[in-house]
Amino acid sequence: MSLDLTIQLDDEDLEHFVQAMQRAQSKASGLSAEAVVAAASKLLVNVPTVKIPNFVKDRLEKLDSMIQLVVDEGYALPDEDRTRVLSCLAYFADPHDIIPDSVPVIGFLDDAIMIELCVRELKPEIDAYGDFTRYRQQEATRRGVDVTSLKTHRVDWLETRRQEAHDSMRKRRREGYGGGGGWAPTLFRMR
């Protein structure tokens, strides 16, 4: 038997999480990026040793995506975006979070909520990284190599996306000129 449970946090409730994040960021201000990432990664390593609900497991996968944003050398996250991600990861670097992780069943609930808040905050960065990883996988498949051996970089992905946008624009232009849409250019006649 499973139980559906919905939790709605109002602005006052969320303020508690905002304050917890600010405290964690303050504590982590002296840590290197590597130390913040290592501490957040430790949470992922420790989780398999305890029984946690699936909704928490799902959020922890998102935490892994945030960590990969920072450590993926091929993606080379720009400094401003890197700082935003690291400031979100600071909460997971603090061993004194809202609910101690050792509390059975709900010990990772605060982590799951904080991950959800961070994912909302970092949605553009996470979505772009997901697109990059799909591109890298497609390139590896196309070349017939293992994805871990492929040295694909962010600039390669961005150039491919730029070229795709130009190709799409040209296709729409061709279809608009000769596709029977009723409009034909008056300044530039195609002969």
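Predicted model: local features only at pLDDT ≥ 70, side-chain atom pairs only at ≥ 80, totals over all residues.

Reader: OK, how are the rings of Tyr75 and Tyr129 arranged?

Author: They're edge-to-face, because their planes are at 75°, and over 60 counts as that. The ring centres are 4.9 Å apart.

Reader: And where in the chain do Tyr75 and Tyr129 lie?

Author: Tyr75 is in the loop between α3 (54-71) and α4 (79-93), while Tyr129 is in helix α6 (residues 123-143). So the pair ties together parts that are 54 residues apart in sequence.

Reader: Is Tyr75 buried or exposed?

Author: Tyr75 is buried, with a relative accessibility of 2%. Tyr129 is buried as well, at 9% relative accessible area.

Reader: What about Tyr75 and Phe132, how are those rings set?

Author: That pair is tilted, because the planes are at 50°. The centres of the Tyr75 and Phe132 rings are 5.0 Å apart. This pair also links distant parts of the chain: Phe132 is in helix α6, 57 residues from Tyr75 in its loop. Phe132 counts as buried, with 0% relative accessibility.

Reader: Which residues form one aromatic cluster?

Author: Tyr75, Tyr129 and Phe132 do, together with Trp157.

Reader: Switching to charges: what sits over the ring of Tyr75?

Author: The charged end of Arg154 does, 4.5 Å from the centre of the Tyr75 ring.

Notes
Residues numbered from 1 in each chain as written. Heavy atoms only, no water. Phe/Tyr/Trp six-rings, centres within 6.5 Å; stacked < 30°, edge-to-face > 60°. Helix = DSSP H or I, 4+ residues; strand = E, 2+ residues; numbered from the N terminus. Buried < 20%, exposed > 50% of the residue type's maximum accessible area, 1.4 Å probe, protein only. Lys NZ or Arg CZ within 6 Å of the ring centre and 35° of its normal.
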